[in-house]
Amino acid sequence: MYDANEIDFDRHWKDVITDFLDSFLQLLEPTLFEKIDFSFHPKSMEQELYPLSTKQKKGKNIADKIFEVILKDQEKSVANIHIEVQGDGQDISERMFKTYYKLYDQHKKNIYSIVLVTHPSAEQTSLFYHNFFGTSILFYFHVHHLNDFSESELLHLNNPFALALLAGQYHAQTRTDVEMRYIYKIKLTELIRKKYPLDEGDTGINLLKFVDTILYLPEDLREKYIQEVFQIFVKEGIDLTKAEKTKEVITFGELLERWKEEGREEGQLIEKQNIARKMAMEGMKFETIISFTGLSEGEVKRLMQENQP
């Protein structure tokens, strides 16, 4: 059974932002998004600021994410993006300024600072101000709240991170209503399956893993959810549990990883078979095909017979 007090929600938000950084920026910071050249993969940099961005707070990591990105300008300028997830309702203005200063002090690059407030009732100012007899600092940053979009808007947006925000809204709305949380979780699972098929990349799998964690359920409903999901995917001809059943409780996220790995292995086998067919058509020796592809003797013989007239 999940214990909500043991779930590091900020860390899971950090993970989903990392998985969908481009979608996150396209949705929340479209002007910045248009300036970034995503053909260069963003580089995570928060470890370079240790211990500021990884210091412990109440047994959990503070959820800073720092990325280095390349801009589309002629010089291919480098910029840093600092993203903070604020989930406990505390004012983090000073910490935003400290991170900004430390980044600038180390790299002397342009910095874009963003806060995503995931606490349903928290308010976060978008500036830090300090004054001492006329010596002052005024620092502005960008703030977005979980509820900046309506449910209807998020449902109709063609953006993966919109569904992550929707999962956050459903979590906030169902803190004391696990039955409704179960309904929302099934709804999101079906929506993700339709929008982002699991056999067409990592988008659907990463979203489902986030939804499974953020919309945690007590054990009875969790088991019901997993069984319901099995039925949804079985109807689509997708087998999530080829692995043998054990007494161990397996999370849905782990099952998705198993399915994903099985899918990779199946894809690799098909690729090897196609290579073997081509090698056979080129008249290459039986032993050479086995050595090159790693397929069994029986499998190679079968594939070679397919090519015979």
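Let's start at L127, which touches S93, L138, F139, Y140 and F141 once residues up to four places away in sequence are set aside; contact here means heavy atoms within 4.5 Å. The model is predicted, so local features need pLDDT of at least 70 and side-chain atom pairs count only at pLDDT 80 or more, while totals for chains, interfaces and linings use all residues. Residues are numbered from 1 along each chain as its sequence is written, and side-chain values use heavy atoms, with hydrogens and water left out.

L127 belongs to strand β7 (residues 127-132); strands are DSSP runs of E with at least two residues, helices are runs of H or I with at least four, and both are numbered from the N terminus. With a relative accessible area of 29%, L127 is partly exposed, since buried means under 20%, exposed over 50%, and partly exposed in between (1.4 Å probe, protein chains only).

Now look at the open sheet, where five strands follow the order β1-β4-β5-β6-β9 with mixed pairing; two strands pair if DSSP finds at least two bridges between them. At the edges are β1 (43-44) and β9 (142-145), each pairing on one side only. Strands β4 (residues 64-70) and β5 (residues 78-86) run antiparallel, joined by seven bridges, and E68 stands opposite N80 in β5.

Finally, the largest nonpolar core has 46 residues, and W13, F24, L25, F161 and L165 have the most contacts inside it. Such a core is a set of buried Ala, Val, Leu, Ile, Met, Phe, Trp, Tyr and Cys residues joined through side-chain atoms within 4.5 Å. Helix α6 (residues 160-173) gives the most to this core, eight residues.
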